[in-house]
Amino acid sequence: TQVLDENDKTIRPMGMMDTSRFSFGKKREKQSTDTKRERIGQKELVELLFEAFKRYEYWSFKGLVQYTNQPTSYLKEVLTDIGHLNKRGPYNSMWCLKSEFKLQKEAENETNEGSKDEIDEDEDDDDDDDDEDFDSKLDQIAMKAE
């Protein structure tokens, strides 16, 4: 059936559209097995993340996935233990270390600077306690995941 408008031109009635330009039978190709990522140990991943946060203070999740080459669900699980997702501000949707790990990082930097100048035995004893606290926090994170 043809429908004519005021100027006697043929127009297509509503509901009848040209479907020749759509591809109905094609499906998207599935992700190949080459791009699947293999998990590493949790302690190794935590240390890899600390290295990443030494390079840059803020990371996007996509950047961390590329840097660590870990599965997204596993990475997010570990990140929630050691990191904080910023939800507003200039670093929106970016991950940073939790404050307790930032303090540990600053303490390590101070001890490195102090060891260059002069080392006191009292400071070394304090550093050992800090290292033990840090290791115990890492062990707690590992225990949570198991």
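Guide: Bear in mind that this is a predicted model.

Visitor: What is the phi of S93 like, positive or negative?
Guide: The phi of S93 is positive, near 65°, and the residue is not a glycine. As background, most residues other than glycine have a negative phi.

Visitor: And how exposed is S93?
Guide: S93 counts as partly exposed, because its relative accessible area is 47%, and the partly exposed class runs between the buried limit of under 20% and the exposed limit of over 50%.

Visitor: Let's switch to N69. Where is it found?
Guide: N69 sits in the loop that runs between α2 (61–68) and α3 (72–82). N69 is also not a glycine, yet its phi is positive, at about 55°.

Visitor: What about the relative accessible area of N69?
Guide: That value is 46%, so N69 is partly exposed.

Visitor: New topic: where is H84?
Guide: H84 belongs to strand β4, and with a relative accessibility of 42% it is partly exposed.

Visitor: Which residues does H84 touch?
Guide: Leaving aside residues up to four places away in sequence, H84 touches M94, W95, C96 and K98.

Visitor: How far apart are the C-alpha atoms of H84 and W95?
Guide: Their C-alpha atoms are separated by 5.5 Å, although H84 and W95 are 11 residues apart along the chain.

Conventions:
Residues numbered from 1 in each chain as written. Predicted model: local features only at pLDDT ≥ 70, side-chain atom pairs only at ≥ 80, totals over all residues. Heavy atoms only, no water. Helix = DSSP H or I, 4+ residues; strand = E, 2+ residues; numbered from the N terminus. Buried < 20%, exposed > 50% of the residue type's maximum accessible area, 1.4 Å probe, protein only. Contact = heavy atoms within 4.5 Å.
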